[in-house]
Amino acid sequence: VSVAITGTHSADFRIASTDCAGRRLGSDETCSVNIVADLTAVGARAAELVVSAHGAADLRIPLSASGLALPALPAPRDVAAPQLSLAIPQQRLASVLRRGLKVRIGCSEPCRLQARLNATAALTRRLKLPRAKLLGATTARLGTPGTRQINVKLTAQARRALRQVRTASLKLTVVATDAAGNDRTRHRTVRLTR
């Protein structure tokens with residue numbers, strides 16, 4: 001007469017196809033029911049397939065399946081370097097010698113900032129400084145995307161050397177590194193006069 005799924009977790013099973021319902025079967029005849037488990041939860045799920053017939057007790061067939069937890073997919077790896085912006089306001093050499101070079105740095109995501117000042121090749125020769133001599137450095141952290149002003153303070157040796165000149169060209173290098181280790185570097189040449 002009918003074919004149905006009943007029981008505690010009947011919603012987790014469905015009849016995909018059947019040729020049994022509404023059909024009279026002889027003693028040697030068969031029919032089939034295809035059942036699909038569409039599990040909605042993790043763990044054991046149970047229901048019953050009930051086949052009702054005229055003049056006979058219902059045939060009850062237990063159904064069971066186990067829902068498995070899917071493994072968590074790894075989070076996509078961040079491979080994009082942060083966007084980095086630099087703004088260097090006009091400054092006098094005398095002011096930079098006292099307070100450091102003011103630099104406004106913007107980062108598109110939380111990042112660690114490293115700023116280094118070196119002399120240009122011409123200034124290195126003129127002042128007889130060691131090649132690639134670091135004149136000053138600082139580090140800072142931006143906890144949120146945005147901008148921040150930092151001061152790159154000069155070393156005592158750099159201040160002594162730069163007091164001898166009226167103009168100086170310095171190389172500023174800023175590196176921004178995000179939480180995933182991606183970094184972006186910007187270089188600027190800064191010309192200062194007394």
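Modeller: Happy to! Let me start with Arg14, which is partly exposed, with a relative accessible area of 42%; here buried means under 20% relative accessible area, exposed over 50%, and partly exposed in between, using a 1.4 Å probe and protein chains only. Please keep in mind that this is a predicted model, where local features need pLDDT of at least 70 and side-chain atom pairs count only at pLDDT 80 or more, while totals for chains, interfaces and linings use all residues. Residues are numbered from 1 along each chain as its sequence is written, and side-chain values use heavy atoms, with hydrogens and water left out.

Now to the partner of Arg14. The side chains of Arg14 and Asp38 meet in a salt bridge, at 2.6 Å from N to O. The term stands for a side-chain nitrogen of Lys or Arg within 4 Å of a carboxyl oxygen of Asp or Glu. This pair links distant parts of the chain, 24 residues apart: Arg14 belongs to strand β2, and Asp38 to the loop between β3 (33-37) and β4. Strands are DSSP runs of E with at least two residues, and helices are runs of H or I with at least four, numbered from the N terminus. Asp38, at 35% relative accessibility, counts as partly exposed.

How many salt bridges does the rule give? The count comes to 3.

Another of them joins Asp12 and Arg45, whose side chains meet at 2.5 Å, N to O. Here too distant parts of the chain are linked, since Asp12 is in the loop between β1 (2-6) and β2 (13-18), whereas Arg45 is in strand β4 (residues 43-53), 33 residues apart. Asp12 is buried, with a relative accessible area of 2%, and Arg45 is buried as well, at 15%.
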